[in-house]
Structure formats: structure tokens, C-alpha cells
Amino acid sequence: MDMQVAKKKLGLKERYQVMTRGLDWTPSYQKMEDIYPYAAYEGIKIHDWDKWEDPFRLTMDAYWKYQAEKERKLYAIIDAYAQNNGHLNVTDARYLNAVKLFLTGISPLEYMAHRGFAHVGRQFPGAGPRVACLMQSIDEIRHAQTQIHSLSNYNKYYNGFHDFRHMLERVWYLSVPRSFFDDAVTAGPFEFMVAIGFSFEYVLTNLLFVPFVSGAAYNGDMGTMTFGFSAQSDEARHMTLGLEVIKFILEQDPDNLPIVQRWIDKWMWRGYRVLTLVGMMMDYMLPKRIMSWKEAWEVYFEENGGALFKDLARYGIRPPKWLDQISFDKDHISHQAWATFYQYGAAAAFNTWTPNDEEMDWLSQKYPNSFDKYYRPRLEYWREQAAQGKRFYNKTLPMLCQTCQIPMLFTEPGDPTKICYREVDYQGSKYHFCSDGCKEIFEYEPEKYVQAWLPVHQIYQGNCFPEGADPTAEGFDPLAEVLKYYHVEMGRDNLDFEGSEDQKNFDQWRGQATKNA
Amino acid sequence: MQIDLRTVAIKPLRQTFDHVARRIGGDKPASRYQEGTFDLQATANFQYRPTWDPEHEIFDAARTAIRMADWYAFRDPRQFYYGAYTLARAKQQDTAEANFDFVESRGLAAGLPAELTATVLKLLVPLRHVAWGANMNNASICAYGYGTAFSQPCIYHAMDQLGIAQYLTRVGLLFGDTDALDEGKRAWTADDAWQGLRRLVEDSFVVHDPFELFVVQNVVLDGLLYPLVFETIVDDVLSAGGGTAVAMLTQFMTDWFGETKKWVDATVKTAAAESAENRALLARWIVHWRDRAAAALLPVARIALGERSDEVVAEVVCQFNARLAKAGVEI
Amino acid sequence: MSTVFIALQTNEDTRPIIGAILDDNPHARLNEQPAMVKIDAEGRLVVRRSSIEERIGRDFDLQELHINLISLSGNIDESDDELTLSWGA
């Protein structure tokens, strides 16, 4: 062989092949089913892992190079933002409450995604998907950390951020995102991929990141904008992985179709329920609004998701169940959720408020079919009450849905004046649901959902008081004790924005910045 | 409205997150490593048990026989969080790329004595499969280990091992062709010289205790393999025979081992210092897997060292024992 | 025909990329939002390495797109020279 002849340069696809799949071999000293023990129990049939189509073909050298460049940029901005007191540039301190919800509710899930993808990245018997999952695993720890590092500066000056990890495992509304992710991680590896890789990353993540992060930019929050867009640049790879997984599973065996369809139905509904929190952030918590929840849903779900499901129809996949209800509800859920948080504003780790007139007009304009008719009068009433010194706080704990863990605040399909209740008897107990979707998810796997750690049940069972609290003692104040257990500081983290410490500090600091001392 | 906010001196309400403050002895400025590590993993009020492992919670310290009062006693001396990690690797990657360019542009691979080229291909190419196994095992430790302080470095380690497998692939492509990769895999799955090592790697895939797996892979196997192959065979023996180019191409591995063993040693040291039981268990694991690994590496060493193999492997084992003694495990 | 899209951050790096995409895909629509652009196209969208290189006057690796990419939709096909987004239906 003449060594001087220039070697044929491998193309991107071939090169990636030898750099990943070529590394694997068929074991003979241990059995495949012992090495990959979780690959079969869900009933998904894979005949040929080599048919896997790699999404983006990044080898580690390129990965390190591009990711380091992103990190350099990101941390330079985080540092500059902190040094220049960038937080005083946000439109209004109310905005920060959306970011609090993000840090307490979303960032810890990025961490869960990191561990979850490490798990499936170990367990798939195919080398191609394994590498893609591990790359997502390391990206996800990036997202958790860049969010924590960006928001660390807010924590120094504002309340509600200070004990986010403790809160996630305890506070009532945070059990909504948490149970969503725990549900996915405790499912089998294929269901995890359909739940997180496909339904969440591919179909729903745009709704979380793009409008919210663009909204952050619009509200002067360069810190959030930067980590948001920087994380989103990894998302493009993750979304592609999610889509490839679905196509791969469906192409492998016709028996996989009904299983995958059921997972799509379940996880679209689960994800949609979690996104209620995002809808509320967009419509109520951003002082300068970029688009309504309804508009975002139309662009990112109805249009894009529609195109996606049309594409998947060739495999026999139909659009997810309960779309009629979802389509009707887009006029309602953000208003219903904010009203709930307003009432329970004493038990939340962020401030709540009623929208001002200009904001109400914006909501009327964006929601002509629903806002003035159903939601404005209640907000105006609460505003009047608050002006008279009677700010309404609901002290009766709400009933929670056994599946999504959201309080029973949603209404009947087609009737926004009637709360929707569903129930199931299972092994001698009654279980409650917010919707047909959540009820059906429970009925398929009751043995899983009966395990749920429901915050309200736990409070009533006496499991949410600090060590040493005595509920039988004279003058025992359950709410105060629960807040201590949550590490929510009464009067600082919670209650109305009007009169809050964040409001006062922000005004004072900004005043210092704009006036001569 | 853009205002000059820099001129405002405002006093922060707090320096760091409460869970970090509880670990660093009060509210003081915390490092990015600390804020990006402490308590990130959930520990309480899990919602459901894994359908794939109903005996355990999603994260469960009972998956290992090692007992720790606090799993955040572990510290990565490199203080790697994702940003610090990728910046460090990108820098090393620049060097590696420059080295590959240097060797390629000057035709140094083609200029190597044929015998040396054959040794390089026979020895280094099958090792890409060992690195791939190490990638899987570190994914496993990361997934099932307890506490971010212990699990976090393992995902970095997993991706490093994938990177190493890819560098070794490039070495194969540079000195041979895709045929060389096929031949390496054939040897890995069929030649006697590799079967002891392949059996060990496949056996490691079914080790379920994440800390034991850490010992098998990161302490023992890498702890013998890297000093033997990269520090001794490549850097000394091949270089002396005119193969300096090879040492340039594996510089990443040598530097990487030097760096990562500080973390591996710190981890062993912390677990061993915790209790006599931990120490005894670590010693048992280490001795068992060390003896297997040393035996498995002997025929691999012969590819390059011939008759000197026993002596060199014995020396590597001796250094390994000394290293572990320093980390608090007498074996 | 369904719409595919690619969303990019707006900055100095992406200006020539956006220009190249719009030139190579006359049917695409530019949708500007705070700090980002979304480029929508019926059916198919192509990002060509050579077109970007012409504009920036240096070699460009399509994987550099990852640095400023925000989101995309459609099936992806990636080669050394082109990145294509498409819907089959």
C-alpha cells in the first residue's frame, strides 16, 4: 500500500458512524438482557438498532469547542449583568416573580432531565441513541447550572429564590412540575423518551422557552434572555432526538404503534397541564407582554404541532386525544390559574397582584371571547376589596387532581362556569381528577398514581409541619407552620406585590440610580 | 430608558442560596461549583417508585453498600461545573487538534517504522472499545449514584471517555484506514490477547452497585491501564523507538489521566475516611478487581513489551498500590 | 403543505447566516421578534454552507450554527454542505 496517497476523507455521516456506533460490539461473556435489563418490559419491539438515524452528528471534539464558546459568551454576560446591577433594568419588579417561578419550578427539572438521560443513555441497547441521550444528559446539567448561576444574582437582592431546592420537594404548586418529571423518570426508558424527548422537548418546549425568553428580553432581563437562548441552542439537538426516537420506534414494528399512541396521548396532556403555569406567566406576570398564551399556543402547538402530526400520520399516529378541549380551554386556563394563585398568594413563594387597567384592556383584546365575560369582573372585585384593606386570601386548602396535582380549578369542556370534577373508586378509596384526561391516565396505571405525594393530603395528614410542631397546642396556626416547613418566609416571600419588600427595595434602588443623592 | 446603574451601591439581602449557606457555614459568597452542585439532586417526598426498580426510590443511597452520613462530603478538587469543564476540555481539544494537524501535515504517521505502526494499530485500536465501556459505566454511576457531588463528575468522565474512544479512532484512521478499525474490533472480540480484558469489561456492565462500579472502572481499570499503556508503552517504549508522533496523538489521554486521578483519589479518600466498614469494603473490591485487571492486561502489554511485560505490569501494580495507600486504602 | 422553521438569535454572527438562508429560500418569510428571528418556509428550508461562506469570507462549518440556534421544526438532514428541514407530508 502506498502510504503517500492521500486518504479518502470520510463524510460527516461515515465519520460519525465510526466515531460512535463503530465503538460498540456484541457481547458474549454477559447476556444482552443482563447488560440492558430495562429494554423489553414496556413491550416495545426493536429488531435492528442499526436502523437508527442519528440526529445531529456532533463528535466530542466539536461538542467541546462549540459548547465552550457558548459558555464563554454566557458567563461574560452574567458577570457584566451582575456588576452593572442589571436587575434594576427590568421593567418592573413584578416581573421577577415569573423568574422565581422559573427557578423553583423549572431549573430543578433540568437537573432531573440530566439524570434521566444518563439513565436511558446507559440502558438503550443501541449505540446511536445512547450517545445522543448522553449528550443530552450533559447538556441538561448545563441548563440547570446556567439557570442557577444566572439567577443567583437575583437571589442576592430579591425574595422567593432563596431555597428553591427545598421548596421543590414540598410546596404545593411545585409538585405539579415535579410529579410530571418523576412520572417520566419512573417510567420505562422508551416511555421516558416519548414523554420528555418527544412530547416535552419537541412539541411543548418551544412554548416554554421561546415566548418566555423573548418576553424576558422585552422586559429588560438580559440575564434570563441569555441563559434562555443559550439553553435553547442545545434544545434544537434535543428536539431532533425526540423526533428521531418516535420515528425509529414506529418504523421498527407495527405492534409499537398503539403503545406509542397511548404515550403521546398521555404525555401531551400531562405536559399541557404543566404549561398552565407558563400560560399564567405570559398573560399575567410579564409587565410588558409579547404575545398571549393563546397566541403562543396557536403558533407553537396548533401550527407546528399540526404539521408534525400530519407528518407522523404516515406511521398511523393520530393527533393527541382531548384536543377539542385543549382548543376550547386556551381562552381560559391562564385566567383560571392566576385567579387561583391570587387567592392562595399567602401560601406561594412569590408575590401576586391584580392586573392594572391597561393590562386588563390588553387581556380583553387578546381574549375577546372570555376575559370580560368571565374573568375581569372577579379581578375588579378583588381589586376593590384590596383597596378597602380587605385583600382576599383563601385559607381553605384546595382539592388536588390525583394525576396532575393541580388544584381543581379547570372547568367543564365547553362550560367555563362549572368546575370539572371526575372521580374513580380504586381499592376502596376515592380518587379525584380535574379532567377526563387525568382520569384516564390514572385508570391505565392506578398502581402508580396512588403513590402520589399530594401536598394538600400531606398537610392534612400532618406531614408538612416543621420538626417539633404540635398541632394540638393552643393557638396552633396550621398555615404558619406549613410555611415554615416550606421555608417560605411569611411577609417576605409571599402575599401581595403591593407593599412587598421586593417592591419597596426595587423602587428605592432604582430611585437612587435615577436621582442625585 | 437606559440608566447608569453601575454607580449605585446597594447592599444585597443575602449572598447565596439557603441550601448552600447551610453547607458552607453561613451566608457568605459561594463559588459557582458550590451553587451548581450542592443539593441539586432530589432527596425527599418522591412521587412514584421507578417501574424499572421498584425496590428503590428514584435516587436512593441504598443502591450502594458504601455508607455516607452526607453524600456531599465528596468534593471534586477540580471544582468542575459544566462551564469550567467544557472550557478546560476545549483548551485540551485545541492542543490535540494542533497535534493531529502537525502529525498529518508532516506525514509523520507514514514515516513511522512499519513494525511500530503495526504495534500502534494492534495495541491502541482495540482500546477504543475499552473507552466505550468506560463511557457506559460512567453513565451508569451518574444515573444511579447518590448526590450530585458524586454523580456530576461521572457524566463529565463519561463524555471524556467517549472523546478518548474517538481520538483512538482517529489514531486508527491516521495510521491505517477504516479497515484498521474493523481489524481492531475483530481482535477485540476474537483474539486471545484481548479476551481477559473484554470479559472484565462485560462483567463490569452487570455490576449494579454504583460505588463498586466506580471502583472497577475509574479506580482499578483506568488506574492500571493508563499508566501501563499511555505513560509507559507510548511515552517511553514507543517514543524511544521513533514513535514520538504517537505520543503527540495520545497526549490528551496522558494529561487527562493526570487530571482525573486527583478527583478519583479524592473520592476514594473521602469514602474511606468515613468508616472502617467503608475502608474494608473498598479494599475488598479493589483487591478483587485489581487482580483480575492486572491478569487481563498482561497479554495486552505483551503486544508492545514482549518478555518485559510481567515486570512492567508488576511495577504498575506496585505504583497503583502505593497510590491507593495514599488515598487511605491499604491493600 | 406544512411549514418548517428555524429560529436564530440576532447578533453579528447570525446576520450573514440569515441573509444566506433568505437568499437560498425565496419562499421563506422572516419573522422578527425581540432578540431573535424566526424564518418560516412552506415545506422545506435549506441552509447552505457555500452561501454563508460567500458572505463571511472564510470557511464555515455548518455545526457552527449550533452556537446561535434557538429552535427549529421539520425533519432534519445534515451533511457537510447542507442542512435541510422538511416535512414529508
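In this predicted model, 68 residues of chain B are in contact with 73 residues of chain A. Contact here is a geometric criterion: the C-beta atoms of two residues, placed from the backbone, must lie within 7 Å. Helix 6 of chain B gives the most, with nine residues. Sorted by class, the side of chain B that touches chain A holds 34 nonpolar residues, together with 18 polar and 16 charged ones.

How does this pairing sit among the chains as a whole? Two pairs of chains touch, and the pair A and B has the most contacts of the two. Chains B and C, by contrast, are joined by no contact. The closest C-alpha atoms of chain B and chain C are 14 Å apart.

Chain B itself can be taken next. Its secondary structure consists of 13 helices and zero strands, so the pattern read along the sequence is α-α-α-α-α-α-α-α-α-α-α-α-α. The C-alpha trace of chain B spans about 70 × 55 × 40 Å along its principal axes. Of the 331 residues in chain B, 50% are buried, where buried stands for 20 or more other C-beta atoms within 10 Å of the residue's own. Among the contacts in chain B with a separation of 6 or more, 73% are between residues 24 or more positions apart.

Chain C brings in strands. Three strands of chain C form an open sheet in the order 4-7-6, with antiparallel pairing. Strand 4 (44-48) and strand 6 (75-78) of chain C stand at the edges; each has a single partner strand, so one side of each is left without a neighbour in the sheet. On average, neighbouring strands of this sheet are turned by 15° against each other, direction ignored.

Strands of a sheet pair through backbone hydrogen bonds, in either a parallel or an antiparallel way. Within this sheet, strand 6 of chain C and strand 7 (residues 82-86) of chain C run antiparallel and are joined by four bridges. At the residue level, Ile76(C) stands opposite Leu85(C), which belongs to strand 7 of chain C.

Technical notes:
Residues are numbered from 1 along each chain as its sequence is written. Chains are lettered from A and ligands numbered from 1 in the order in which they are written. This is a predicted model: local features need pLDDT of at least 70, side-chain atom pairs count only at pLDDT 80 or more; totals for chains, interfaces and linings use all residues. Helices (H or I, at least four residues) and strands (E, at least two) are DSSP runs, numbered from the N terminus. Ala, Val, Leu, Ile, Met, Phe, Trp, Tyr, Cys and Pro count as nonpolar, Asp, Glu, Lys and Arg as charged, and the others, Gly among them, as polar. A residue is buried if 20 or more other C-beta atoms lie within 10 Å of its own, exposed if 12 or fewer, and partly exposed in between; C-beta atoms are placed from the backbone. Two strands pair if DSSP finds at least two bridges between them. Axes are lines fitted to C-alpha atoms, for helices over the stretch in contact, and angles run from 0 to 180 degrees between N-to-C directions.
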